[in-house]
Amino acid sequence: MPAISRPRGTDDLLPERFRAMRRVSDLGIEVAQRFGYRQLDTPIFEASELFVRGVGDTTDVVRREMYTFSDRSGRSLTLRPEATAPVLRAFSESQLRQLPPPLRLSYSGPMFRYDRPGKGRYRQFHQFGVEAIGEADPELDAEVIAVAWGWLQELGLGGISLQINSIGDGECRPAYREALLEHFSAHLAALPELDQERLRRNPLRILDSKEEGTEALLASAPRTEDFLCPPCREAFQRVQAALRAYAIPFEVNSRLVRGLDYYVRTTFEVWHEDLKGAQNALFGGGRYDGLAELLGYPPAPGVGFAAGLERVVMLAPPGPGLELPCLVVCSVQPVAVAAAIDASQRLRRDGLTVICDVGQRSLKGKMRWAERSGAEAVALLGEEEVLGRRVTLRRLSTGEQLGLRLDQVADQVRVWQRASDFGEGPD
Ligand code: AMP
C-alpha cells in the first residue's frame, strides 16, 4: 500500500519551525496588546455565505479559492479564508457590541485557501491580524499600521516598505470605476484574457494586475487620488498626518486596491524587498466601513490588517534555537527504575527540563543518547545510589563527575549551565 502523505499545499510545523511561528505570533499579540488590542479566536469554519457576502463573489478568494463543503445536514460551510468577516460577525453577535467603541481586537490562527501552492503560498497558512471596530476615525487606520510596523521592528525585520492608498467610498468610487472602464475598454484587445474578465467583474482589480500586456496601459490609467470626494480626501490626509506622527515612512501607491470587495478609503500593504511579483506583500489591510451591513448587522465601521506568518517567519532574523533538555536521568540497573522516575519528577519540580531514561538499553547506549540530546548533564541511578539516596551527576561536556544528594542536583546543573552559556566548555 502506498504511504499516506500530507495534503498538497500544507506543511507540518516541526518543532523548530513551530517555535519560530509561535514566537513571531506571540510577539505580534504582545505588541498589539500594548496598543490595547485583545486577542480573540473564531471557529475554523463558518457558514459559506459569510465569505460570499463578506469577501465578495467577484474576488479570487471566493470564486476559486474557498474550501467549501456540505455537512451531514446539508449546510454549506467553508474553512475560513480570512478572519475579518468572522471577527466582525463575532463582534456583531456578542456583547462586544455593547462596549464603548472602538473595540480593539487581535487574532492569530490558520486560514485556508485553495490557492496554487508555491513558494510562500500554502493552502493552509497562518495569519496574525488586528481589527479596530466601531469608529471611522482615520487616525485608527494609522494606529493599526503602527501595530504592524512596531511588530516588524521588534522582530528586527528590515527591507520593508509601507504602501498606502485611498480607493474612495460609495460617493466617489463609481465615477472612478467608470473612468477606469472607459480607459481600458478603449484598449480591450490589448488586455490579457484574465484582465478582460477582471474588467467585466470588478474593474478596480485590474490595478493590481501583474499581467504583461496590462502593465503598459496602467501607466496612463486614471489615478484614484484624482477622483476622491472631499471627505475621502480629508480622511486620507489625516491618515498620512498620523503616520508622520508615528514616524512611519510610507509611499502613496495609487495602484493599491486590495483583492477584497469590502474595502473603502484606506488600503495598505507592507512589501518586502525579497518577495517578488504577486507574493511581495507581507501583509495588507484597510478600512471596511460597509462590511457589517453587508453581513446583515447594524453598521460598524472598521479597519484592520492581516499578515502572513509564514512569510514573516521566512524573512525575520531567527530567534533563539530549540530549548534542549538540561538533564537526562538514567537508571543503571532495573532496581533503580522507580527511583529514577521519582528523582526525575522531583527535579522537574525544581524547575529543570528532565528526560527520564529508564529503558533497557546498556549504560553505554544511554550515555551516547544523552550526549546527542544536547543535555548539560546526566544523573545516574544504580543500586548503590538508590541505597545511599544519592545520584552520580556527570557533566557531559567535561566528564566532571560528582556524587550529590538529590536536593543538590538542580543547583549544580544550573551552575554548569551558566558556565556553558558563558562559553566555558571543556579544557
Ligand atoms: P490577504 O488576506 O489576501 O490580504 O493576505 C494577507 C497576507 O496573508 C498576505 O500578504 C500574505 O502574507 C498572507 N497570505 C495570503 N495568502 C496566502 C497563502 N496562500 N499562503 C501563505 N500566505 C498567504
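1. The model is a predicted one, in which local features need pLDDT of at least 70 and side-chain atom pairs count only at pLDDT 80 or more, whereas totals for chains, interfaces and linings use all residues. Residues are numbered from 1 along each chain as its sequence is written, and side-chain values use heavy atoms, with hydrogens and water left out.

2. The interior can be taken up with its nonpolar cores, a nonpolar core being a set of buried Ala, Val, Leu, Ile, Met, Phe, Trp, Tyr and Cys residues joined through side-chain atoms within 4.5 Å. Here buried means under 20% relative accessible area, exposed means over 50%, and partly exposed covers what lies in between (1.4 Å probe, protein chains only). The largest core has 47 residues, and those that touch the most other members are Trp151, Leu152, Leu162, Leu282, Phe283 and Phe305. Helix α5 (residues 138-154) supplies the largest share of this core, ten residues; helices (H or I, at least four residues) and strands (E, at least two) are DSSP runs, numbered from the N terminus. In soluble globular proteins, nonpolar side chains tend to be buried together.

3. Which residues is Phe305 in contact with, leaving aside its neighbours within four places in sequence? Contact means heavy atoms within 4.5 Å, and the residues concerned are Tyr107, Phe128, Gly129, Val130, Val144, Val147, Ala148, Phe268, Phe283, Gly284 and Gly285.

4. Helix α4 (residues 84-93) is largely enclosed by the rest of the structure, because nine of its ten residues are buried. The buried residues of α4 are Thr84, Ala85, Pro86, Val87, Leu88, Arg89, Ala90, Phe91 and Ser92, and what covers them includes β2 (45-47), α2 (48-55), β5 (103-112), β6 (124-133) and α10 (291-294).

5. Around the ligand there are 14 residues, of which Arg113, Tyr122, Gln127, Arg258 and Leu282 come nearest; a residue is counted as near if one of its heavy atoms lies within 4 Å. The ligand taken alone exposes 490 Å², and the protein buries 90% of that, with accessible areas coming from the Shrake-Rupley method with a 1.4 Å probe and, for residues, only the protein chains shown counting as cover. The elements that give two or more residues to the shell are β6, β10 (281-287) and β11 (302-308), and the largest share, three residues, comes from β10.

6. A disulfide is defined as a pair of cysteine sulfur atoms within 2.5 Å, and by this rule the count comes to zero. Cys172 is in no disulfide, the nearest cysteine sulfur being that of Cys229 at 3.6 Å, and Cys172 is buried, with a relative accessible area of 5%. For Cys326, the closest cysteine sulfur is in Cys356, 14 Å away and therefore too far for a bond; Cys326 too is buried, at 7% relative accessible area.

7. Asn253, found in the loop between β8 (251-252) and β9 (264-272), is buried, with a relative accessible area of 15%. The side chain of Asn253 makes a polar contact with the side chain of Gln163 (3.0 Å), a polar contact being a pair of N or O atoms within 3.5 Å where, within protein, one must be able to donate a hydrogen and the other to accept it, and residues adjacent in sequence count only if both atoms are side-chain atoms.

8. In helix α13 (residues 363-373), the residues Gly365, Lys366, Met367, Ala370 and Ser373 are buried, and their cover includes β12 (327-331), β13 (354-357), β14 (377-381) and β15 (390-395). Gly374 follows α13 and has a positive phi, near 85 degrees.
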